[in-house]
Amino acid sequence: APAPAPAPEPSETTSTSAPPPPSPPPTPRPEPASVHPVSATELGATWRPDCPVPPETLRRVDLDFWGFDEQPHRGQLVVHQDVTAQVIEVFDELFRMRFPIERMRTVDHYLGADDELSMRDNNTSAFNCRDIPGTGRWSQHAFGRAIDLNPLLNPSVDRTGAFQPRNAAPHLDRNRTDPAVLHAGDAAVRVFTDRGWHWGGDWRA
């Protein structure tokens, strides 16, 4: 007797798509921040007797940040004593979201505590006894109540179009989407503004 015809086998399908990329390793927990009083000697050229706040009201905060090399690093900021807790909270959140920061050291590491040199180096910093260029008014940095975050990639631009630092021309295009570039409403911006800080991108000197 003739054998029944074999049932057709289902056609074999193979995927041509690439396998999904491996998940990034979990972000390590930042080491606890530490807070230290500072003296005029320790502040170096960032402070002088005519500054609007005395050294006794300032604190050095040592804290972790997520580097451009995708590794944790330890940095230092000098801020007013009244905002130390908020600053610690902010940078803890930035670390956990892996917001990249190139470097973070006090401005006295630069010759004459020159803010231009610090910003050119894309150094994230806070206190420096300086005015707002061209105004004669103290900057909030002179009170330890402002932070420049990756200032080369996020330059300061005044109402005339003048910008700082002077090597920031390639970064004036705010349509850039580099990971360390800030835009209004970004998660990294909201970390500050949700705590009552004002983002420099919202105003012009």
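Where is the place of Arg98? In this predicted model, Arg98 sits in the loop between α2 and β4 (100-101). What makes Arg98 worth a stop is its backbone: phi is near 60°, a positive value in a residue other than glycine.

As for accessibility, Asn150 is buried, with a relative accessible area of 0%. Pro165 is found in the loop between β8 (163-164) and α4.

Now to the aromatic rings. The count of aromatic pairs comes to three. One of them joins Trp66 and Phe95, with 5.5 Å from centre to centre and 90° between the planes, which makes it edge-to-face. Trp66 belongs to strand β2 (residues 58-67) and Phe95 to helix α2 (residues 84-96), so this pair ties together parts that are 29 residues apart in sequence. Both Trp66 and Phe95 are buried.

Phe192 and Trp197 make up another pair. Their ring centres are 5.7 Å apart and their planes meet at 65°, so this pair is edge-to-face; the cut-off for that label is over 60 degrees. Phe192 counts as buried at 14% relative accessibility, and Trp197 is likewise buried at 14%, since buried means under 20%. Together with Phe91, these two residues form one aromatic cluster.

Which residues does Trp197 contact, leaving aside its neighbours within four places in sequence? They are Val83, Gln86, Val87, Arg145, Ala146, Ile147 and Phe192. With Gln86 there is also a polar contact, side chain to side chain, at 2.7 Å. Ala146, for its part, is 51 residues away from Trp197 along the chain, yet the C-alpha atoms of the two are separated by 8.6 Å.

Technical notes:
Residues numbered from 1 in each chain as written. Predicted model: local features only at pLDDT ≥ 70, side-chain atom pairs only at ≥ 80, totals over all residues. Heavy atoms only, no water. Phe/Tyr/Trp six-rings, centres within 6.5 Å; stacked < 30°, edge-to-face > 60°. Helix = DSSP H or I, 4+ residues; strand = E, 2+ residues; numbered from the N terminus. Buried < 20%, exposed > 50% of the residue type's maximum accessible area, 1.4 Å probe, protein only. Contact = heavy atoms within 4.5 Å. Polar contact = N/O pair within 3.5 Å; in protein donor to acceptor, adjacent residues only side chain to side chain.
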